[in-house]
Structure formats: structure tokens, C-alpha cells
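Look through the sequence and the structure below before reading on.

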Amino acid sequence: WRLVLAQERVNGGAWDDVTTDNFEACELDNRDKFSTPDVVTVDEGTTKCDPADPQTQTGSWNFINNEEDLNLDGELYDIDELSSSTLAVSYTETFGGQTYTYQLVLKH
């Protein structure tokens with residue numbers, strides 16, 4: 001899986017593409033591989049943000065709430081779409097009376 005889109009909306013408004021605002025090019029070529037038993041492997045791709053970083057790192061993942069949510073290294077995400085080609089997850093935070101929803105879209 002590779003991140004292709006990051007978007008944000010405030011107080012339920014329209015989605016705003018924040019991909020290039022929030023991610024560097026060296027992050028956008030990373031690949032995530034979800035395998036069993038519950039291991040995710042992140043490959044830095046051809047461009048590393050820090051040359052000293054390892055090429056791959058592993059973490060944990062699992063479905064929760066009847067596969068409606070994703071636990072990725074302790075961070076909880078709502079699953080908005082999961083198909084053979086698309087994984088879209090989101091999470092919501094509130095700051096200063098505003099509600100921010102962030103969505104990450106990954107493609108195969």
C-alpha cells in the first residue's frame with residue numbers, strides 16, 4: 001500500500017487535500033505491507049527522509065469492532081473503505097472548539 005491522498009475537513013465541511021502540506025516526497029514513496037499474523041512492514045522506498053533510517057521497519061496492526069476499525073501500532077482509525085485496491089482510514093480530533101477529521105487514502 002502507498003499513501004496517495006491525505007485530506008482534512010473542519011466541522012464536517014468539505015474535504016481539503018493536505019497531502020503535500022503534511023507529507024514530504026520521501027514519505028510518499030513508502031510502501032506498507034500488512035501481513036499475518038498482524039505485522040505491518042514499512043519500506044522506505046527509493047527515497048529516504050534520513051539516509052541513516054533502516055530500509056524497513058515493522059509494527060503491529062489488527063482489525064477491531066467487527067473489522068470496522070483499524071488499530072495500527074496503538075493508533076485507532078475508522079475504516080472508510082477497504083477493497084483490493086483502496087484502503088481509506090480516518091480519525092477525528094477536536095482542538096479549540098473545532099472538529100478536525102483527517103482521512104488517509106492508500107492504493108495498491
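Of the 108 residues in this predicted model, 31% count as buried. The chain holds 2 helices and 9 strands. Its radius of gyration is 15 Å, close to the 13 Å that the globule rule gives for 108 residues, so the chain is as compact as a globular protein of that length.

**Overall layout**
- Along the sequence, the elements follow the pattern β-β-α-α-β-β-β-β-β-β-β.
- Taken along the principal axes, the C-alpha atoms fill a box of roughly 40 × 35 × 25 Å.

**Backbone in the loops**
- Most residues other than glycine have a negative phi, and most peptide bonds are trans.
- T36 and P37 are joined by a cis peptide bond, with omega at about 0°.
- P37 lies in the loop between strand 3 (31–35) and strand 4 (39–43).
- N65 has a positive phi, near 55°, and is not a glycine; N65 sits in the loop between strand 5 (56–64) and strand 6 (69–72).
- D73 also has a positive phi, near 50°, in a residue other than glycine, and its place is the loop between strand 6 and strand 7.
- D73 counts as partly exposed because its relative accessibility is 48%, which falls between the cut-offs of 20% for buried and 50% for exposed.

**Charged surface**
- E68, D78, D80 and E81 form a negative surface patch.
- One of these residues, D78, is placed in strand 7 (residues 75–82).
- D78 has a relative accessible area of 37%, so D78 is partly exposed.

Notes. Residues numbered from 1 in each chain as written. Predicted model: local features only at pLDDT ≥ 70, side-chain atom pairs only at ≥ 80, totals over all residues. Heavy atoms only, no water. Patch = residues over 30% accessible without salt bridge, like charges linked within 9 Å, V, L, I, M, F, W, Y side chains within 5 Å. Areas by Shrake-Rupley, 256 points an atom, 1.4 Å probe, with all protein chains shown as cover. Salt bridge = Lys/Arg side-chain N within 4 Å of Asp/Glu carboxyl O. Lys, Arg positive; Asp, Glu negative; His and termini not counted. Charge placed at Lys NZ, Arg CZ, Asp CG, Glu CD. Helix = DSSP H or I, 4+ residues; strand = E, 2+ residues; numbered from the N terminus. Buried < 20%, exposed > 50% of the residue type's maximum accessible area, 1.4 Å probe, protein only. Rg over C-alpha atoms; globule rule 2.2 N^0.38 Å.
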